[in-house]
Amino acid sequence: MAVSIGLHVSPEFPAMLKRIDALGGMLEAEAAAAEGLGRLTEDVARALLGAGVVGAALPQSLGGYEFSPRQLTETVERVSYHDATAGWTMMALQLMTGTTAAYLDAVAAAVLFPDVAGGDHALLAGHGTRPGRAVPVEGGYLVSGSWQFASGMAHATHIHSAIQVEGTGELRVLAMPKSQVELVDNWDVLGLRATHSIDYHCADVFVPATHTYLATTTNPANGGAIYRLGLVNMSAIGHTGWALGVGRRLLDELKLVAAAKSGTRNAAVDTAQFHAAYATAEAKLRSARAWATEVWRGIEDTLDTGELTSTEQDTLLRLALNHATWTVQDVGQTVHRWAGTAAIRRGPIDRFLRDLGTGTQHITSSPTVLQNCGKWLSGAQPRAHWEFLDLTP
């Protein structure tokens, strides 16, 4: 068992941000083409993967960078700043690939992750909120099911999916070749168009037991303390970074619009009302980022001691994500109001606003999660604990 106790903080982090920024021009130049394709262009996907963006989430014991939570947040934030769709795609591939590498044991890891440092490893995409059926058979399971929202599937080699074991009700997560499922090309949306978040299904496909893991596990087979967060808690890392990156880019774009329009006849951006609105949006975004950083700093301290997160920490990381997401939605409304026609013509503001409108609908930032956070924090359910996105008494 190649597992370490303390939290790994990667020295590769500053170089990673520089590599991402160096690709910024390419991401922005190819964003429109990606929307037309419904997925990232091959050049962009290859460049981001080559930069190690997915490797940032892979266990160090397997050859990955194994970034800390705050390092991963800022990595996704930086990609998303340049292109929200690329940030979402990489976030999804990071999460599915990184957790699979951490939670599958040596048999599957040897097959799927033979040479991570050399770039020879599986890439996983898929979804886990609606489990398929798994019928136990000798050596594994016969899996059937239909899943949605497989962001990044165009670039994946393997599938990540939740399954429920018939007879026991146990929830597990599988990894299997993409060739074993039927893809449904049905991602027709206004925002995040290039994430290729399609549906897929299969019937009675054999999956070895070695290529599955308990969905609720916080006990990694590979890697260090970050993987003790568990699958759902780790998903909050990337989603938080995505929202913050989108918010920062939208405000920066509005600043460019203001500079271009200032001094022209009847320019709204020269009014005190605009200046106050911009300052308010800036304060909201910076506050959301600072609080998310504070929450994750405390979680990192806990993980570094070898402990698991508390129910309060599990609540706060969900609430920090919800707050960041809807704060950025509010920022987006400010940008839309003051950008004028720049917000309705094809360009970065239009694209980022459409991507934001779609991203806010993700289940991790749903009203139900917010309500559950309130139940815990208000003391209404003091003995409850989190199971995925539900607060269970």
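Trainee: What should I know before I start?

Mentor: Residues are numbered from 1 along each chain as its sequence is written, and side-chain values use heavy atoms, leaving out hydrogens and water. The model is predicted, and local features need pLDDT of at least 70, side-chain atom pairs count only at pLDDT 80 or more, and totals for chains, interfaces and linings use all residues.

Trainee: Which residues touch the most other members of the largest nonpolar core?

Mentor: The general idea comes before the case. In soluble globular proteins, nonpolar side chains tend to be buried together. A nonpolar core is a set of buried Ala, Val, Leu, Ile, Met, Phe, Trp, Tyr and Cys residues joined through side-chain atoms within 4.5 Å. Buried means under 20% relative accessible area, exposed over 50%, and partly exposed in between, with a 1.4 Å probe and protein chains only. Here the largest core has 110 residues, and Leu48, Val143 and Trp242 touch the most other members. Helix H8 (residues 231–261) gives the most to this core, with 13 residues. Helices are DSSP runs of H or I with at least four residues, and strands are runs of E with at least two, numbered from the N terminus. A second, separate core of nine residues includes Val369, Trp376, Leu389 and Leu391.

Trainee: How many residues of H5 are buried?

Mentor: For H5 the count is 10 of 14, so this helix is largely enclosed by the rest of the structure. Among the buried ones are Leu72, Val76, Val79 and Ser80. H5 covers residues 69–82 and reaches 21 Å from its first C-alpha to its last, close to the 20 Å expected; that expected span is 1.5 Å times one less than the number of residues.

Trainee: What is Gly87 in contact with, beyond its neighbours within four places in sequence?

Mentor: Contact means heavy atoms within 4.5 Å. By that rule, Gly87 meets Val76, Val79, Ser80 and Trp242, leaving aside those neighbours. Gly87 lies in helix H6 (residues 84–103) and is buried, with a relative accessible area of 1%.

Trainee: Where is Ala101, and is it buried or exposed?

Mentor: Ala101 is also placed in H6, and at 0% relative accessibility it counts as buried. Apart from neighbours within four places in sequence, Ala101 is in contact with Leu58, Pro59, Leu62, Phe113 and Asn222.

Trainee: How many disulfides does the structure hold?

Mentor: A disulfide is a pair of cysteine sulfur atoms within 2.5 Å, and the structure holds zero. Cys373 is buried, with a relative accessible area of 0%.
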